[in-house]
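Trainee: May we go through this structure together? I would like to begin with how the surface is described.

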Amino acid sequence: MASGRRIEVTIAPDGMASVETRGYRGRACLDAGKAIADALGVTIADTRTSEFYQAAESAEQHERTGQ
Amino acid sequence: MSHIVTIQARLRDPALLAEVCRRLGLPEPVRGTMTAADGQTAEGLLIPLPGWRVPIAVAADGTVRTERWNGVRLPIAQEDLGRPARIAGGGWNFGGYEPYGQESELNKLLQAYAVEAAKLAARRAGRNVLEQRMADGSVRLTIEEA
């Protein structure tokens with residue numbers, strides 16, 4: 001079954017790439033794109049959006065409540 | 001959207017680089033030393049690009065060295081010759097020297113390598129990849145869990 005989690009990689013005509021993770025929660029979000037990013041080259045910017053922090057907070061709450 | 005990483009391409013995998021060169025119709029990379037017009041050198045895997053006076057050199061860390069940028073200074077200082085003139089079809093003409101190659105030839109290699117590197121990493125992780133070429137010349141890969 002499809003999980004809805006995906007990684008979108010956009011490679012510009014000059015070889016600059018961006019790796020965007022979607023549908024992952026918390027730490028998994030960082031881990032998901034790491035292998036792809038490492039294969040491509042050197043990270044020059046790392047942006048975590050507000051959704052990243054919301055997802056991370058939600059995951060922590062689940063851990064605390066045991067849900 | 002939750003996390004975005006911006007990456008500068010590095011050509012780290014020699015086997016993949018050779019494969020990409022074949023696909024682009026370029027000669028296979030050969031280990032050697034590139035010598036710029038001013039005598040400066042750069043070692044690595046040498047790849048001749050169409051229209052370029054000397055090959056590019058790809059160092060062990062994947063960094064690309066050319067005569068014009070990225071650690072190797074211009075062989076002829078601009079102030080020595082006056083402002084270089086852009087020639088028809090792109091590139092620059094530095095006086096009596098052959099024009100340097102068009103940046104687009106290097107960019108083509110960088111993009112093709114990055115696309116194949118990302119696809120290879122995704123396949124190794126057991127993921128499915130959908131490739132789309134966009135109107136602006138970029139390539140988008142959508143990678144999903146199998």
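Mentor: Accessible areas come from the Shrake-Rupley method with a 1.4 Å probe, and for residues only the protein chains shown count as cover. On that basis chain A exposes about 3900 Å², of which carbon and sulfur atoms supply 49%. This is a predicted model: local features need pLDDT of at least 70, side-chain atom pairs count only at pLDDT 80 or more, and totals for chains, interfaces and linings use all residues. Residues are numbered from 1 along each chain as its sequence is written, chains are lettered from A in the order in which they are written, and side-chain values use heavy atoms, without hydrogens and water.

Trainee: What pattern does chain A follow along the sequence?

Mentor: The pattern is β-β-α-β-α, with helices (H or I, at least four residues) and strands (E, at least two) taken as DSSP runs numbered from the N terminus.

Trainee: And in what order do the six strands of the open sheet come?

Mentor: The order is β3(A)-β1(B)-β2(A)-β1(A)-β9(B)-β8(B), with antiparallel pairing; two strands pair if DSSP finds at least two bridges between them. The edge strands, β3 (41–48) of chain A and β8 (127–133) of chain B, each pair on one side only.

Trainee: How many bridges join β1 to β2 in chain A?

Mentor: Six bridges join β1 (residues 6–11) to β2 (residues 17–22) in chain A. Within β2(A), T21(A) is the residue opposite I7(A).

Trainee: Turning to helix α3 of chain B, is it mostly covered or uncovered?

Mentor: Mostly covered: 16 of the 22 residues of α3(B) are buried, meaning under 20% relative accessible area, against over 50% for exposed and in between for partly exposed (1.4 Å probe, protein chains only).

Trainee: Why does the span of that helix agree with expectation?

Mentor: The expected span is 1.5 Å times one less than the number of residues. For residues 103–124 of chain B that gives 32 Å, and the end C-alpha atoms of α3 are 32 Å apart, so the two agree.

Trainee: Which residues touch the most other members of the largest nonpolar core?

Mentor: Among them are V9(A), I36(A), I56(B) and L109(B), in a core of 40 residues. α3(B) gives the most to this core, with 11 residues. Such a core is a set of buried Ala, Val, Leu, Ile, Met, Phe, Trp, Tyr and Cys residues joined through side-chain atoms within 4.5 Å.
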